[in-house]
Structures are given as structure tokens and as C-alpha cells.
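Here is a short briefing on one model. Look over the sequence and the fold, then read the points below.

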Amino acid sequence: MTEHTLDVQGLSKTFAGTKALDEVELRLAPGEVHGLLGQNGSGKSTLIKVLAGFHTPDAGYTVKAAGQELSLPLHDTDLRRLGWAFVHQDLGLLRELRVIDNMHLAGLGSSQGRAIKWRQDRAYLRDLLASYGLDVSPDAIVGNLSGAERATVAIVRAAEVIRSRHEQAAAGGLVILDEPTVYLPQAEVEGLFALIRQVARQGVSVLFVSHMLDEVRAITDRLTVLRDGRVTAQARTEELSDAEVVQAIVGRAVIPPTRGSMAGRLDEPPALSITGLRSSRLRGVDLQVRKGEVLGVTGLAGSGFEDIPYLIFGAQPAAAGQLELHGRTIPIRRIRPHRAIADGIAFIPGNRLTQGAAGEQTVALNLTLNTLSSHTIGPVLSRRSERRRVRELITQYDVRPADPDRPFGQLSGGNQQKALLAKWLQDAPSVLLLHEPTQGLDVAARKQVVETVRALAGAGTAVICASSDFEQIEQLCDHAMVFRRGRVRTELRADEVSQQRLGEESFRSEEESDD
Amino acid sequence: MTSQITEGPASTADAAAEAAARSARRASRDWLQTGQAVAMPIIWIIVIAVFGAVEPDRFLTARNFQNIFSFQAVTLILTLGLLLPLTTGDFDLSIAPGLGFSSMIIAVLNVQHQVSTPIAVIVALIAGMLVGAFNAFVVVVLEVSAFIVTLATGTVLTGLTLAISDQATVGGVTPDLVRLVGHRWFGLTVAFYLAILLAVALWVVFDLTPLGRRLLFVGSNAEVARLSGIRVNRLRWGALIGSGFFSALAGVVGVGVVGAADPTSSAGYLLPAYAAAFLGATTISPGRFNVWGTVVTVYFLVTGFAGLQLLGIASWIQQVFYGGALVFAVALAQLAARRRRNRRASAAAT
């Protein structure tokens with residue numbers, strides 16, 4: 001076959017005025033392993049979801065499979081006919097069921113609609129798993145397998161589904177692996193790669209979605225980089241240097257950094273310091289923030305940086321660690337949100353509608369939730385005092401529309417974030433914790449968030465910002481820590497914090513092996 | 001509204017058009033909300049008018065309305081208590097058996113053990129709160145679904161009620177309680193005034209205090225509440241103990257109204273309470289459980305039921321009527337929520 005397994009041209013997807021995908025092109029030859037790289041929000045997952053039929057793209061695209069033009073969204077039957085299989089990050093296995101049940105659910109084994117031939121199917125499955133070098137019983141419960149075994153079962157299943165339909169399939173088949181290595185220990189990744197190569201040798205194309213540059217380099221023939229929904233690099237893998245790929249991933253700063261000089265503050269004692277912080281993902285983290293300093297914690301998704309604010313606030317349970325604040329030492333395990341708030345800590349979580357504010361309640365009710373006791377006359381709430389405060393906040397933070405009675409969930413993302421700043425910054429906190437504070441915001445709202453946080457730091461608040469957006473870390477932070485597999489890998493001083501540097505440190509290959 | 005917040009509208013004409021469109025949207029939203037808020041009271045008045053027209057001599061009498069208001073005090077007190085756990089997002093199905101248990105404790109202590117009425121009442125109220133505390137322990141600490149737990153504790157209470165009563169109606173409760181509860185001012189009983197007093201008290205808590213606001217957020221989004229420093233579990237404990245207390249209090253009033261305790265009749269209170277709470281959540285302050293919506297609904301439902309009885313329709317209509325009302329209420333609430341969601345989806349930008 002000379003036709004491309006997949007040929008995408010001019011694919012765009014617009015969500016409420018924002019282009020998540022912008023004229024994307026992508027071609028995969030039969031047997032090709034193709035890497036898809038990009039940061040969170042670059043459009044990777046949107047592209048996968050469009051191909052899987054979850055989203056309908058904007059008009060004007062051309063998508064061909066083996067020369068045959070397709071009309072999106074695809075349905076399950078189309079995917080079967082084309083011989084496409086997806087292995088999403090969660091693997092799509094039912095953990096309470098056995099391996100054999102999961103195979104049956106995918107249509108493997110006894111023919112559909114007949115009584116299951118257990119003996120025959122077990123033998124087939126045992127041989128199949130063995131042929132991929134996997135020593136797993138067909139009767140093992142999926143949830144009891146190791147992460148690597150589960151991933152392999154999912155990929156074997158996908159490959160087998162494609163093979164079993166090979167005759168009907170119009171093209172050589174396509175496996176789309178969406179960050180399959182995130183939960184795998186380093187040592188298991190090699191086994192997975194062997195499996196991918198084996199699948200590709202059968203003429204199946206593989207789209208390998210990953211954050212990890214070293215993995216993409218190891219396994220792929222060609223690669224595509226997305227940034228802000230656009231293709232920023234597309235070439236044979238060996239043609240691009242690491243620096244060129246990182247450059248394509250992170251791009252350049254649009255807004256110049258706003259941080260001020262930390263000179264003279266470096267001698268001050270830390271406002272907050274943490275020692276030996278451990279959790280399900282973190283393996284011993286120490287960090288310090290001074291008054292007026294903005295510390296960025298970053299890394300790739302899953303590296304553990306994103307847990308830092310949740311653990312310090314008591315929103316997630318920590319396993320061990322000490323927090324020093326206002327001259328007191330507190331075991332982090334004991335922290336609860338109400339105690340953290342009493343200690344002057346404010347926390348704006350990444351998920352605005354499930355953790356930040358109640359979407360069905362009005363903007364006004366959400367804004368005053370933390371400060372109710374300052375609006376009471378005796379035991380009773382003063383509506384007038386609340387109203388006045390809400391109006392002031394809406395004006396001060398420029399929340400639009402300026403309608404206190406609108407349900408919070410009806411605000412746009414940028415205005416939700418402004419309202420959350422208004423909710424939390426009413427009594428200037430001594431420590432502010434942020435998670436992805438600018439995610440999904442347009443340029444103007446981003447700028448406002450960055451300026452508000454900088455102003456707060458200027459007034460003496462210590463800020464910790466967890467973010468996977470290097471551009472935003474560069475704009476906002478005085479000092480940054482890059483995480484890798486649960487540990488701080490690098491600390492960067494103000495003059496070293498740049499997108500390029502953050503990208504290199506995050507995506508760089510693992511030199512030392514972990515425990 | 002989308003997230004374009006940078007530039008203002010291109011011209012003043014655009015700005016004016018946008019403002020006009022916004023105020024039109026706002027006006028229609030307000031109109032819809034007001035319409036929904038007052039729909040039930042209006043329907044109630046229509047129901048009264050219809051029955052009044054059909055049976056003016058028997059329906060439109062002071063006596064009939066005095067009865068409607070007085071006899072429903074028990075249901076109203078029970079439903080008010082139910083609002084507490086419903087607001088924090090938990091079910092309590094043990095309220096009706098709790099009512100029966102409380103009535104029976106008073107009757108048995110008073111009649112068979114000659115315990116004075118005040119002490120019997122105090123024992124019953126404490127028992128109610130203990131039941132609530134037990135529910136809260138299993139629901140909040142052990143994290144079991146409140147629906148299942150309270151269904152089970154309710155069944156246990158029904159059994160205990162049968163046990164302490166020897167499966168028989170216990171009559172002859174000392175007349176002081178009966179006289180107090182049934183005492184009439186301006187034709188209405190003390191039971192009615194007590195229920196209204198409790199409604200006012202709960203309304204103050206729910207609508208006018210920081211505690212009420214926190215309860216609302218616990219039910220609305222417990223994670224947001226927790227991350228805003230609200231002691232979510234503590235409030236859920238309080239709400240379940242509160243509903244235990246109110247159901248015991250409804251039992252006290254019930255035994256006072258009837259003068260006897262019947263070990264099986266309490267089951268009939270569960271559905272009316274739920275129907276009133278859920279239907280009440282669609283009126284006065286639509287979209288949330290609210291005190292005055294509940295009060296109006298309790299009387300709306302009983303007016304309808306009383307009218308149907310006066311027309312000579314057999315008493316089986318009660319079950320059909322309350323059951324139908326509950327299905328109607330939850331369906332209506334679901335439709336309203338879906339409409340809000342759709343509006344949000346079309347308004348949200350990211």
C-alpha cells in the first residue's frame with residue numbers, strides 16, 4: 001500500500017471563539033511510528049478527541065484514510081471498519097473484571113452473540129499474551145496487575161483488535177497511544193517500546209502522544225509538535241535537535257516578564273518553609289518562599305509539582321513533612337483547609353468549577369463565602385454590607401458582566417478566575433497558593449491575573465504558583481523549581497527562569513535512574 | 001457573554017445594541033424566575049377557588065381551613081426538619097419512623113410507666129437526636145450512603161416502636177399535653193403556631209445567618225465548601241441531628257393532637273414530607289430547598305387532598321396525590337436545572 005494510513009489537512013476546531021486546533025496537517029504512512037508532542041493546552045488531546053469522534057471539527061477539513069475521504073465525527077462502526085484503535089491514558093480497561101472479560105468486551109475471542117467458549121478463549125488469550133512476552137493469566141483481575149502489565153494488556157488488546165479486523169480494514173490500521181508511559185516505571189518503558197515496534201512491523205501505523213522528548217526520540221520515525229493548536233514542527237525525528245524541538249514546544253514569550261528585582265530580599269528569612277514533604281507522588285521535597293517572593297513549581301504533568309499547593313493547604317493528604325509558618329512548625333499531615341485559612345493561607349485551585357466556586361450559586365454568594373463573619377450585625381448577615389463589598393470587588397477586579405446575581409458558572413473562564421482572586425484576596429493573605437492560575441484564559445485576563453499576583457507579592461505576600469505553563473512561570477515567578485518524578489530536579493534563580501530553560505529541564509532525558 | 005474583555009464595542013451604536021439585548025435577556029430571565037417563584041401560591045389559590053365554587057358550603061368554611069392549618073402541623077414540622085439534611089446534600093428516610101418512635105416513647109412512658117409529660121417529652125427529643133447522631137456517625141464518619149443508612153435505621157425504629165408498644169395502639173395520654181397542643185387561639189391550634197414559629201426560626205438560620213450560607217454551599221458543592229474553610233462534616237452531623245430532633249418534635253405534637261400513639265401510622269408521613277420539600281424547592285426561591293416554599297407546599301397539598309375528600313373521593317387518593325406530586329416536583333426541578341445548564345453552556349466561554 002502506498003496510500004497514507006491517515007492524511008489530515010486543514011483541521012481546525014474552535015471552542016467558544018478560541019481555536020484549539022488551527023489548520024492542522026498530519027500524515028502517517030503504513031508502519032510508521034509518529035510522535036505527537038506539545039504542552040498541556042497545545043491541542044494534542046483535542047486532536048485525539050476529534051479523531052476518536054468526541055468532537056466535531058470546524059468545516060473545511062480533509063481527512064483521508066487510505067485514500068478514502070472521511071466525514072467526521074467518526075462513529076464506533078467507522079473506527080472498526082477503518083481498523084483504528086485508541087489507548088487512552090486511563091487505558092480503557094475495566095479494573096474490576098478479569099483480563100479475559102476485557103478481551104471479550106473488545107470483541108475478541110468467541111464470536112459475538114454466541115455462548116462463550118471459555119476453554120478455547122483462555123488458550124487463545126494465553127498464547128496471545130505469551131507471544132508479546134507477557135506472563136499474565138487470562139483470569140487475573142485487571143486491577144491487581146502492575147501498571148506496566150495493565151498498559152501492555154491494553155496495547156495488546158488494541159493491536160489484536162486491529163489484527164483481527166485486518167481483512168476488512170481499508171488501510172493498515174492505526175493505533176493511537178495517548179501518553180501511555182505516564183504511569184510506567186522507567187524500566188518498563190523499554191518493554192512497551194518493543195511491543196510498539198512489533199505492532200508497527202505488521203504494517204500498523206502508530207500515533208504516539210507524549211510529553212517526554214526522550215521517549216519520542218527513542219521510538220518514533222517522524223514527529224509533529226503542536227503549540228496553541230498550530231503545527232510548529234513536523235519532520236523526521238532525527239532531523240531535529242532537542243533544542244529545536246523544545247523551542248517548537250514552548251515558543252517565545254509574548255508578554256515580557258513583569259517580575260521585579262529580588263535583590264535585597266534574599267537575606268530575609270523565609271515566610272514559609274517546607275521540609276521532607278512526601279505524598280503519593282512526592283518523594284521528599286524541601287522548599288522555601290520569602291515575603292514578597294513568587295515561587296514557581298513546574299514540570300511535566302504527573303511529575304508531582306501540581307500537588308504542592310493542595311498538600312500545603314490540606315486539600316489532599318500528605319504522608320509526611322513539616323511546614324514552618326509564622327515561627328511555628330506544623331506537621332503537614334495535620335493541616336486542614338479551615339486551619340490553613342486561619343493561618344492566613346489562600347488557595348486558588350486549578351479547577352475553578354469543581355473546587356474554586358459553586359457554579360450554580362451566584363457570583364455574590366461565592367464572593368463573600370470566606371468573609372461572611374465580616375458582614376454580620378449580631379448573629380445576622382447584613383445584606384447591605386455584603387452587597388457593597390460585592391460591588392466593590394466586581395469593579396476592582398473587573399468581573400464581567402458586572403452582575404452579582406448571575407450564577408458563577410455562567411461567567412467565562414477569565415472572569416471566573418478574576419472572581420476567584422476577588423474571593424480570596426479580600427483579607428490580604430500572608431501566603432497565596434495557586435494552581436494553573438492562567439489556564440484557559442485569553443491574553444488580557446492572563447495579564448490581569450499576573451499583574452494582580454505581582455501586586456500582591458509587592459505588598460509582602462509569599463506566593464507559590466504550580467503551573468505547567470512555562471510562559472506563565474517566566475512571566476510571574478522570581479524563582480522556579482522544576483520537578484521530575486516526584487523530586488525537585490533543578491532550581492532556577494530569577495535570571496535563569498526562561499521558557500527555554502524550563503522546557504529543557506522538564507523534557508530532558510533521565511540521566512540517573514530512580515529508586 | 002464570551003471572554004472578550006479587552007476591547008470595548010466598536011462603536012456607541014454597538015454598545016447601545018448590546019446593552020439593549022442584555023437588558024432584554026435579563027428582563028426575560030427575571031420574568032421567568034418570578035413566574036416560577038409565584039406559580040405555586042397562584043395554583044394554590046386557584047385550587048381553593050375551584051373547590052370553593054364546587055362545594056361552597058362545606059369547603060369555604062372557617063372550620064375547614066382551621067382544620068387544614070391545624071392538622072398539618074405535624075407534617076410541616078417533620079418537613080422543616082427534613083430541609084436540614086436535604087440542604088447539606090444528605091437524605092434522611094428515618095424521619096417518619098422517628099416520628100412514630102417518639103410518639104410511642106411518650107405514650108408508653110406516660111401511660112404505662114406514669115412518667116410525667118415534660119420528662120417523657122424530653123426523653124423523646126433526646127432519643128430523636130441520638131438517632132440523628134447515629135445516622136450521622138455512619139454517614140459522615142464511615143462514609144456510607146445516607147439513603148441506605150437512614151432507610152435501615154428507619155426500619156429499626158419501626159421495629160422498636162412495635163416492640164415497646166407490644167404492637168398495639170397506646171391511648172389515654174395525660175390530657176395536659178393534648179390540651180396544650182390543641183389549645184386554640186383565633187381558631188388555630190398551638191400546634192400550628194409552633195410549626196410556624198419553627199419555620200420562622202429555620203428561615204432566619206437558612207437565609208439570614210452565615211451558618212445558613214455555609215449549609216447551602218455544603219449541599220451545593222461540598223469540595224468547594226471544604227476548600228473555603230467550611231467544616232463540612234461538622235455541618236452534616238448537625239443537619240442529621242437536627243432532622244432527628246425535628247422528627248421527634250413532630251412526634252410530640254402528633255401524640256398531643258391525637259392523644260394516643262399508633263405503632264404503624266407514622267409511615268404515612270414520609271412521602272408527604274418529601275413531596276412537600278421537593279415541590280417546595282420549585283417555588284418561592286426556585287432551585288433550592290427553602291422554608292416558605294415548603295410551608296406553602298404542605299398547605300397546597302393538603303388543601304388539594306381535603307378538597308378531593310369533600311368531593312367524596314375515597315381516601316386512596318391521598319397516596320396517588322402525594323406520589324404524583326413528588327414525581328411532578330422532581331421532574332420539574334430537573335427540567336429547570338437542565339435549562340440553567342443549557343444557558344450556562346451557551347454563556348460559558350472556556
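**Briefing: strands, helices and core**

A:Arg227 stands opposite A:Arg230 in β10(A). Two strands pair if DSSP finds at least two bridges between them. Helices (H or I, at least four residues) and strands (E, at least two) are DSSP runs, numbered from the N terminus. This is a predicted model: local features need pLDDT of at least 70, side-chain atom pairs count only at pLDDT 80 or more, and totals for chains, interfaces and linings use all residues. Residues are numbered from 1 along each chain as its sequence is written, and chains are lettered from A and ligands numbered from 1 in the order in which they are written.

**Chain A overall**

- Chain A has 17 helices and 22 strands.
- Of its 515 residues, 47% count as buried. A residue is buried if 20 or more other C-beta atoms lie within 10 Å of its own, exposed if 12 or fewer, and partly exposed in between; C-beta atoms are placed from the backbone.
- Take the contacts in chain A between residues at least 6 apart in sequence: 70% of them join residues at least 24 apart. Two residues are in contact if their C-beta atoms, placed from the backbone, lie within 7 Å.

**The sheet in chain A**

- Six strands form an open sheet with mixed pairing, in the order β6-β7-β8-β3-β9-β10.
- Its edge strands are β6 (84-87) and β10 (230-236), and each pairs on one side only.
- From one strand to the next, the twist averages 15°. Axes are lines fitted to C-alpha atoms, for helices over the stretch in contact, and angles run from 0 to 180 degrees between N-to-C directions.
- Strand β9 (residues 222-227) of chain A runs antiparallel to β10(A), and 6 bridges join them.

**Helices on the sheet**

- Helix α8 (residues 242-250) of chain A packs on the sheet and touches β3, β9 and β10 of chain A. The direction of α8 makes about 35° with that of β9(A).
- Which residues of α8(A) are buried? They are A:Val245, A:Val246, A:Gln247, A:Ala248, A:Ile249 and A:Val250.
- The buried residues of α8(A) pack against several elements of chain A, including α7 (213-219), α16 (470-476) and α17 (499-507).
- Just after α8(A), A:Gly251 takes a positive phi of about 70°.
- Helix α1 (residues 44-52) of chain A lies across β3, β6, β7, β8 and β9 of chain A. Helix α1 runs at about 145° to β7(A).

**The largest nonpolar core**

- This core has 231 residues, and A:Val175, A:Val463, B:Ile77 and B:Ile106 touch the most other members. A nonpolar core is a set of buried Ala, Val, Leu, Ile, Met, Phe, Trp, Tyr and Cys residues joined through C-beta atoms within 7 Å.
- Helix α12 (residues 232-258) of chain B gives the most to this core, with 15 residues.
- A:Val463 sits in strand β20 (residues 462-466) of chain A.
- Why does A:Val463 count as buried? A:Val463 counts as buried because it has 25 C-beta neighbours inside 10 Å.
- A:Val463 and A:Lys291 are 172 residues apart along the chain, yet their C-alpha atoms are separated by 8.2 Å.

**A helix pair in chain B**

- Helix α5 (residues 95-112) and helix α7 (residues 146-165) of chain B pack at an angle of about 20°, with their axes 8 Å apart.
- That angle makes α5(B) roughly parallel to α7(B). Angles under 35 degrees count as roughly parallel, over 145 as roughly antiparallel, 65 to 115 as roughly perpendicular and the rest as oblique.
- Residues making the contact include B:Phe101 and B:Met104 of α5(B), and B:Leu157 and B:Leu160 of α7(B).
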